[in-house]
Structures are given as C-alpha cells and as structure tokens.
Amino acid sequence: MTDGIASQLPDTVLEVIFSFLDLHELRNCALVCSSWSRYLSDENNDVWRLHCIRKLAEEALKTDLLSSVPTYKSKLRAWYHAWNPNDCSRNIYVKANGFTLHRNPVAQSTDGTRSKIGFRQGRHAWEVIWEGPLGTVAVIGIATKDALLQNQGYMALLGHDSNSWGWNLVDNHLLHNGNAQGNYPLLNNAPKYQVGERIRVILDCDDNTLSFEKNYEFLGVAFRGLPDKKLYPSVSAVYGNTEVSMVYLGPPLDG
C-alpha cells in the first residue's frame, strides 16, 4: 500500500484494520504516514479500547485502581509493566486483575516480587498501593534480576544485598546492601505510611537516582549512584494475606 492510498483511508476503515494487529505491528503502522500516526496517537480511540479490553481483566477496568492512567493505551501499557507472576516468591501470587500481588499467610518467611519489565535507560514512574497490613517490614523499591525473592524469617529482603534498594514504610528507613542508609524522607516527624496511600516511585536511569512522591509531594532523592543494570520495580512483604498493587505511569511529569 502506497503512502498516498494509506493516508486516504477513513478512520472507520483504519479501526477495523488496526483492531486485528498486535502492538508491534501497530507501532510500525504509526510510521507509515501522518494520517495513521494521527489516528494511533489518540490513546482513547476504539482500537486501543479493544486491545485494552482483550488484555485487561474487567475488575481492573471497573475499579479506581487505574485512575492514574486515564487512557486506554496507558492502561494497556501499565498491564504490560505489572507484577510478573513468574518472577515472585512461591508464597506470592498475582491476582486476576493483573496488578495486585497477594502474599499467602506463611510463617517465618519474607517474600518479594518484581515487575515484568525492567529499565536501564530513560526516566520512569509507577505507583505502589499497599492494600493490606504492613506487618513488621514492608519495603518498596527496585531490584536487579539477581536479588532474592524469598528468605527465611522476617527481614527487609528488598535492600538486603547489593542487588536491591528499598524504602521500609514501617520505620521510614532506606535500605541497601544489608544496611540502613538513613531516615527517609528527611523531614521532622515524617508521617508514617497509611494503608491505601499511593506512593509514586521515580527511577531516573539517566541520572542514576531513585526518588519517591506521596500525595503529590516530592520527598527527595532516596538513592544515588545506581548501577548500569536493568532495574525492576519490586516489593517485599512479611504479613500474611497482605496485598500490594503496582501501576506503571510512564515518564514522570516534572513540575
């Protein structure tokens, strides 16, 4: 199909054609001509809606879990970045909604999980919502593929070694390489995390930093000098039946 003919196809025809293509093919289609690029740049059109409905559970689409990603395309992208059911502790499973992990009530165990996609370049943001009791240790952050996902006893698994970096929401300590790296955030009488609050995690692979936001307030840089390795959104938990959701947001908005 020549560019001239392609650019003349009406949107109703494009909708039918594009609804049969996979995401890789859609990316290529956006490069064919300005008309196709314009159509696919509408993140709420029927093509993105159809792809979203095919992939995402109805539960995820009908609740406010994905309220921070309002378009169909952004919801679909978040699903591809969600918790990896094949990269977690044996004591954890990912619920049917695709975004929430459930930690089974197993005594004397600390359990973690990673996302499906890791990052080595660019800037990325995602939200973490702890939807059950924190227990004695509840850590959010990042990890490489070499980080442990299960260990005996109750411990800060995320941040336990050189392959992970975490913020313990219980005592507001930063953790890396088995050591506490100081209090966070650096505020007098910093409030403790309240179950259900959304925490925004910001990974800057260009500046090699990890930061956090809560209630749209930037809490400062938590870690600097991150390595040139693929880093995955991660959490570790100890409390039985607790649940943690993660929603990938894309590049962080400045200001």
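User: What makes up the lining of the largest cavity, by class?

Analyst: The model is a predicted one. By class, seven nonpolar, four polar and one charged residues form the lining of the largest cavity. Among the residues that line this cavity are Arg114, Thr113, Leu148, Leu158 and Ser236.

User: Why are the buried residues of α5 said to line one face of the helix?

Analyst: In α5 (residues 46-55), the residues Val47, Trp48, His51 and Cys52 are buried. Seen down the helix axis, the buried residues fall within an arc of 130°, and therefore they line one face of α5. Their cover includes α2 (11-18), α3 (23-29), α4 (34-41), α6 (58-62) and α7 (72-80).

User: Which residues touch the most other members of the largest nonpolar core?

Analyst: That core has 35 residues, and those touching the most other members are Trp126, Trp130, Ile140, Trp167, Leu203 and Phe212. Leaving aside neighbours within four places in sequence, Ile140 is in contact with residues including Val128, Trp130, Leu158, Trp167, Val201 and Phe212. Another core lies apart from this one, with 27 residues, among them Cys29, Leu40, Cys52 and Leu66.

User: Why is asparagine 215 called exposed?

Analyst: Exposed means over 50% relative accessible area. Asparagine 215 has 55% relative accessibility, so it counts as exposed. Tyrosine 216, at 72%, therefore counts as exposed too. Asparagine 215 is in the loop between β12 (209-214) and β13 (217-223), and tyrosine 216 has its place in the loop between β12 and β13.

User: What is the phi of asparagine 215, and what is that of tyrosine 216?

Analyst: Phi is near 55° in asparagine 215 and about 65° in tyrosine 216. Most residues other than glycine have a negative phi. Both values are positive, and neither residue is a glycine.

User: Which peptide bond is cis?

Analyst: The bond joining tyrosine 184 and proline 185 is cis, with omega about -5°. Most peptide bonds are trans. Proline 185 lies in the loop between β10 (179-183) and β11 (198-204).

Note on methods: Residues are numbered from 1 along each chain as its sequence is written. This is a predicted model: local features need pLDDT of at least 70, side-chain atom pairs count only at pLDDT 80 or more; totals for chains, interfaces and linings use all residues. Side-chain values use heavy atoms; hydrogens and water are left out. A nonpolar core is a set of buried Ala, Val, Leu, Ile, Met, Phe, Trp, Tyr and Cys residues joined through side-chain atoms within 4.5 Å. Buried means under 20% relative accessible area, exposed over 50%, partly exposed in between (1.4 Å probe, protein chains only). Contact means heavy atoms within 4.5 Å. On a 1 Å grid over the protein atoms alone, a cavity is a set of points where a 1.4 Å probe fits but cannot get out, and a pocket is an open set with protein on both sides within 12 Å along at least five of seven lines; lining residues have an atom within 4 Å of a point. Ala, Val, Leu, Ile, Met, Phe, Trp, Tyr, Cys and Pro count as nonpolar, Asp, Glu, Lys and Arg as charged, and the others, Gly among them, as polar. Helices (H or I, at least four residues) and strands (E, at least two) are DSSP runs, numbered from the N terminus. The arc is that of the directions from the helix axis to the C-beta atoms.
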